[in-house]
Amino acid sequence: MGKKQNKISLTGHACGGRVIRTTGGAYEVRRADGQVITCMVKGNFRIKGIRTTNPVAVGDMVTAVQATDHIWYITNIEPRRNYIIRRASNLSKESHILAANIDKAFLVVTLREPEVPLTFIDRFLATAEAYRIPTSIILNKADRLEPDDKELVDAFSYLYQSIGCPVLTVSAVTGLGLDALRDATKDNISLLAGNSGVGKSTLINALIPGANLRTGEISDLYHTGTHTTTFSEMLQLPYGGEIIDIPGVRSFGTIDFTVEDTSHFFPEIFRESHKCKYSDCRHVNEPGCAVLEAVADHRIAQSRYASYLSILDEVKAGSADKYRKPF
C-alpha cells in the first residue's frame, strides 16, 4: 500500500489583495503592502450561478490563505462591481470573464491590417453597455492610413461618437493621440481589448516604457494578427492608474441577453423604441415601429441595426444562454 497523503489544511495565514495576472491555473495577487504572491484555487472553486472557464479573473478582489503545504489558495472573491464577459467559443455553452472591477474599457480597432468587423465592435459595445462599463474606441495605426482614408475615418468616428462612444485616433509609432489616451486612462483601472494584430501590445509599450511586451506581425495570407499576449495581466501606469491587457479576441459571443432587453444595449435603438406603436416591439417587422423608420431615414446606421439583428437571432436560437447577472 502507498503512503497516505497528508490532508491540506486551509487554516493558515490569510490576506486580501487584487488579482493582477492569470496564467492557466495560477494567479498572481498583489496584497495591500505591495507584495505579489502566487495563488492556486481548489478544483471545485466556483462562483454560484455563473458557469465560466475562469472562476477568477484579473481585477478580482480576493482572500487568500496560506495552507499547510505552504501554497497560497484563493478562498473567496469579493462581490464584483462589474465585469465584462463573452462566450468562450462559438460552440461553447460556457462563458469567459475578460476582467472584473473595471473603471473604463477601451476597444482597440484598426481599419486596415487587419480590418476589424463592425459586428465585432457592436457586440463588444453592447456587452459593455449591459454591464455598465463606460467604453471608448481607440482607432489605432493611424500612421498606416492613406490620405484617401480620411473620409472613412471621419465616417467611422461619426458613427460611434453619435451614439455616445468616444473615438480616439492614435498611432503608437508617431505618438498621435497618446497624450489624450494617457489623460483618459490616468488614475483608472482600464481594460484594453481587441482583435489580434490591432496593436494593443505596441500601445502598452508606448504608455509604459520598459514594459517590453512582445508584438506580432500581420499574416500576409489572411490579413489577421497573431496572438502575442497569452495571459491576462494588470500593469501599473507610470502616470497613475492601471491597465488590463488580455489576449486578442477573435470573436465575441454574447452572454446574458434576452429578446426583451437586447435593444436596451444599443442606445440609439433604445431611444427610438419609445416611439414604437407597441411596447413589446422587437423592431423586426412590426407595424408602427419607430426603429425601422429611423433605419430607413438613416438616423440609425444600417450596420448597427444589422448587428442588433444578429444578436437577436442568436438569442432567439437559444445560443445566448442566461446566467445570473451581477446587478
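Asp154 is partly exposed, with a relative accessible area of 39%; on this scale, buried means under 20%, exposed over 50%, and partly exposed in between, computed with a 1.4 Å probe on protein chains only. The model before you is predicted, so to speak of local features requires pLDDT of at least 70 and side-chain atom pairs count only at pLDDT 80 or more, while totals for chains, interfaces and linings use all residues. Residues are numbered from 1 along each chain as its sequence is written, and side-chain values use heavy atoms, with hydrogens and water left out.

What does the side chain of Asp154 meet in a salt bridge? The partner is Lys150, at 2.8 Å from N to O. A salt bridge here is a side-chain nitrogen of Lys or Arg within 4 Å of a carboxyl oxygen of Asp or Glu. Lys150 and Asp154 lie four residues apart in helix 2 (residues 150-161), and are therefore separated by about one helical turn. Helices (H or I, at least four residues) and strands (E, at least two) are DSSP runs, numbered from the N terminus. Lys150 itself is exposed, at 54% relative accessible area.

The structure holds 19 salt bridges. Side chains of opposite charge can pair when their charged atoms come close.

Let me turn to a second pair. Arg80 and Asp60 form a salt bridge through their side chains, at 2.6 Å from N to O. This pair links distant parts of the chain, 20 residues apart: Arg80 is in the loop between strand 5 (72-77) and strand 6 (83-87), and Asp60 in the loop between strand 3 (36-40) and strand 4 (61-66). Arg80 counts as buried at 11% relative accessibility, and Asp60 counts as buried at 0%.

Salt bridges that share partners join Glu272, Lys275, Asp297 and Arg299 into one network. Glu272 is buried, at 8%, whereas Arg299 is partly exposed, at 43%.

Finally, the cysteines. How many disulfides does a search of the whole structure find? It finds zero, a disulfide being a pair of cysteine sulfur atoms within 2.5 Å. For Cys15, the nearest cysteine sulfur is that of Cys39, 6.7 Å away. Cys15 counts as buried, at 13% relative accessibility.
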